[in-house]
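Welcome to this guided tour. Open your viewer, get the chain on screen, and follow along one selection after another.

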Amino acid sequence: MEIVEINPKEWGSFVIRGLAAILFGAVVLLWTEITLEVLMILFGLLVIVYGVTLAAFGSTRPVGETRTTLTMLMGVLVVVLGIVAVTMPYLVAAIIVSVIGALALIMGAADLGIAIFALEELSHRVLLALSGILSIILGALFLIYPLMGGIVLVALYLGIFAILSGILSVAAGIALRGQAKEA
C-alpha cells in the first residue's frame with residue numbers, strides 16, 4: 001500500500017472544503033425541514049433504483065426457478081414504496097422515525113430491565129438505568145412527534161457533523177499553510 005504525501009502548498013483546498021462543509025452544515029441547521037424533504041426524496045429515488053434492479057434480476061432468471069416470481073414481485077413492491085417516498089417524503093420520514101422510536105423504546109426497556117434485575121452485581125447499574133431511561137424518553141418522543149424527530153435527527157447528525165468536519169478541515173488547511181511557509 002502506497003502512502004500518499006500531502007503537499008503543504010495545497011492547504012487552500014482543505015480550507016475551501018472546510019468552509020463549504022461549514023456553510024452546508026449551517027444551511028442544514030437553518031432549513032432543516034427542506035433538508036429532510038430532499039433527503040427523503042433522494043432515499044425514494046435510491047429505493048426505486050434498487051427495486052428496478054431487483055425486478056430486472058428476477059426477470060433474468062429461468063422460468064420456474066425458485067423465487068423468480070417472488071423476486072420480481074418484491075422489485076415491483078420496492079419501486080412502489082420508492083414512488084411513495086418521492087411523492088410523500090414526510091410520511092416516509094415519519095414512518096422511519098417511528099421505527100427508530102420503537103427500537104429506542106425496546107432497547108431502553110432492555111437496558112432498564114438489565115440494570116434492575118441483573119443477577120450479578122453490576123458496578124455501572126445506575127449508568128445503564130440512566131441510558132435505558134433516556135432511550136425510553138427519546139423513543140416516546142419520536143413516536144409521539146415523528147416529524148419533529150426526523151427534523152431533529154437531520155439537524156443534529158447531518159448539520160452538526162458537517163460543521164465539525166468543516167472546522168477540522170479548515171484547521172488542517174491552516175496547519176498545512178504553516179508547513180508551507182516553513183518549507
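Before you click anything, one term: two residues are in contact, or touch, when heavy atoms of theirs lie within 4.5 Å. What you see is a predicted model, in which local features need pLDDT of at least 70 and side-chain atom pairs count only at pLDDT 80 or more, while totals for chains, interfaces and linings use all residues. Residues are numbered from 1 along each chain as its sequence is written, and side-chain values use heavy atoms, with hydrogens and water left out.

**Stop 1: the whole chain**

Show the protein chain as a cartoon. How many helices and strands does the protein chain have? There are six helices and zero strands, giving the pattern α-α-α-α-α-α along the sequence. Helices (H or I, at least four residues) and strands (E, at least two) are DSSP runs, numbered from the N terminus.

Now colour by accessibility. Buried means under 20% relative accessible area, exposed means over 50%, and partly exposed is in between, using a 1.4 Å probe and protein chains only. Of the 183 residues, 28% count as buried. Among contacts with a separation of 6 or more, 77% are between residues 24 or more positions apart.

**Stop 2: helix 2**

Select residues 32-60, which form helix 2. Helix 2 has 29 residues and reaches 42 Å from its first C-alpha to its last, close to the 42 Å expected at 1.5 Å a residue. The expected span is 1.5 Å times one less than the number of residues.

Which residues of helix 2 are buried? They are Thr32, Thr35, Leu36, Met40, Gly44, Val47, Gly51, Leu54, Ala55 and Gly58. As you look at their positions, keep this in mind: an α-helix has 3.6 residues a turn, so residues three or four places apart point the same way.

**Stop 3**

Two packed helices are described by the angle between their axes and the distance between the axes. Axes are lines fitted to C-alpha atoms, for helices over the stretch in contact, and angles run from 0 to 180 degrees between N-to-C directions. The axes of helix 2 and helix 3 come within 7 Å and cross at roughly 165°. That makes helix 2 roughly antiparallel to helix 3. Angles under 35 degrees count as roughly parallel, over 145 as roughly antiparallel, 65 to 115 as roughly perpendicular and the rest as oblique.

The contact of helix 2 with helix 3 contains 20 nonpolar, eight polar and no charged residues. Here Ala, Val, Leu, Ile, Met, Phe, Trp, Tyr, Cys and Pro count as nonpolar, Asp, Glu, Lys and Arg as charged, and the others, Gly among them, as polar.

Is Thr71 buried or exposed? Its relative accessibility is 16%, so Thr71 counts as buried. Leaving out residues up to four places away in sequence, Thr71 touches Leu54, Ala55, Phe57 and Gly58. Of these, Leu54, Ala55 and Gly58 are among the buried residues of helix 2.

**Stop 3: helix 2 with helix 4**

Next, select residues 89-117, helix 4. Helix 2 and helix 4 pack at about 90°, with their axes 9 Å apart. The two are therefore roughly perpendicular. Show side chains for Glu33, Leu36, Glu37, Met40, Ile41 and Phe43 in helix 2, which meet Pro89, Tyr90, Val92, Ala93 and Ile96 in helix 4. By class, this contact has nine nonpolar, no polar and two charged residues.

**Stop 4**

Pick Ser135 in helix 5. Ser135 has a relative accessible area of 18% and is therefore buried. Beyond its neighbours within four places in sequence, Ser135 is in contact with Ala104, Leu105 and Gly108. Ala104 and Gly108 are among the buried residues of helix 4.

**Stop 6**

Finish with Ile160 in helix 6 (residues 146-182). Ile160 is partly exposed, at 34% relative accessible area. Where in space is Leu29 relative to Ile160? The two are 131 residues apart in sequence and 7.7 Å apart, C-alpha to C-alpha.

Last, select Ile16 in helix 1 (residues 11-30). Ile16 is exposed, with a relative accessible area of 62%. Its C-alpha is 7.5 Å from that of Val170, 154 residues apart along the chain.
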